[in-house]
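I open my notebook here to record what I looked up, one entry at a time.

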Amino acid sequence: MLAGIFITLASLWYGQNNGLMPIAASAEAELVDGLFNAMMTISVGLFLLVQGALVIAAFRFRRRAGDDTDGQHIEGNVPLEILWTALPAVIVLGISVYSFDIYTQMGGLDTMGHDMASHKAKSVEVAYAPSENAMPLLVGSDASEDGEMAESGDNARLLAKAGLGVSPTALEQGAPLEVDVMAVQYAFVFTYKDTGVISGELRVPVDQSVKLNIQAQDVLHAFWLPEFRIKQDAIPGEPTELAFTASRVGTYPVVCAELCGPYHGAMKTQIVVQSQDDFEGWVQSQVALMMDAGETVAVQPEPTASDTGYLAALSQPLGLKVAPEALKQLHSETENHSALHTMHSMAAESNVSTSETKAF
Ligand code: CUA
């Protein structure tokens, strides 16, 4: 009984004081850490129980000097076997119910209000758009050409967009701040949906829900916020989403967590969580810089003092500003060559490596 009390207390203590997780900077992080700590408590209890029994048995039942007899023949023990089958079953079921509950609270089942028609329209819109004025990626093709297939075949894909949507509780507090995330080799480019501000780092206000629309320009990437306990693949041709509410002012890393090429390890930026006032000030300053830079950027794509101006210049070649007609040409077999030629010469003019155009 003493051992039982010791094991229980030790696992409860370690479960709460393991210090294995980085700072928790989002509302979601608390939920995930709660699950992690619960699993850690159970694991420590089981570890101490099994290892303790093993160590005790190894000493107590060891072979004594001069004892060459066979061990006692023991065959089965039904009550014991029922116990060690039932107990893990209960534990695993409990953890799965708990984790599913957390997944739901975090918006993992965000299919509410997505009927077929509205979702289809939405998916077409997203497919065409890093932002409103930027340009169609190849993604748009199956919406325009295979509309019928999308209607009948791909139900599952249309119904549930991959990723974590905005949680029901966060939705009650108003519309989230929406940011488009474009992952390219080897950077994340953030475009704020309502202001059009483009940034190389993600800035968000504290205690407000944020929704990220994630796309990949070239290859698979993964958008990971360790301090927020969330991660989502960025998949070419398959928009995904991620939602969170930052709960702690500060600067935290944003990491690409999918091997995406030789410089994958350098594909990092940061998320800056600010007070609502500081955040609005930053947005205003970026909008002002964008207005200043707006006209010169087009003519003279040199790095300017403003992040937005610089990145806008960068995102144009990345976004491959091609008219929709040019894309159609790309698909039709007759005009294939001329369209490809146009794109390659465009890419050559800008200083973007040709790997960016390989998606085409
Ligand atoms: Cu992008 Cu690794």
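Where does Tyr 186 lie? I found Tyr 186 in the loop between β1 (177-184) and β2 (187-192), with strands (E, at least two residues) and helices (H or I, at least four) taken as DSSP runs numbered from the N terminus. I noted that a cis peptide bond joins Gln 185 and Tyr 186, with omega about 5°.

Before going on, I wrote down that this is a predicted model, in which local features need pLDDT of at least 70 and side-chain atom pairs count only at pLDDT 80 or more, while totals for chains, interfaces and linings use all residues. Residues are numbered from 1 along each chain as its sequence is written, and side-chain values use heavy atoms, leaving out hydrogens and water.

Next I looked up backbone angles, remembering that most residues other than glycine have a negative phi, and most peptide bonds are trans. Asp 207, in the loop between β4 (202-205) and β5 (209-216), has a positive phi near 60°. Arg 229, in the loop between β6 (221-225) and β7 (230-234), also has a positive phi, of about 60°. Asp 207 counts as exposed because its relative accessibility is 57%, whereas Arg 229, at 13%, counts as buried (buried is under 20% relative accessible area, exposed over 50%, partly exposed in between, with a 1.4 Å probe and protein chains only).

Last, I turned to helix α2 (residues 27-60) and helix α3 (residues 78-105), which pack at an angle of about 170° with their axes 10 Å apart; axes are lines fitted to C-alpha atoms over the stretch in contact, and angles run from 0 to 180 degrees between N-to-C directions.
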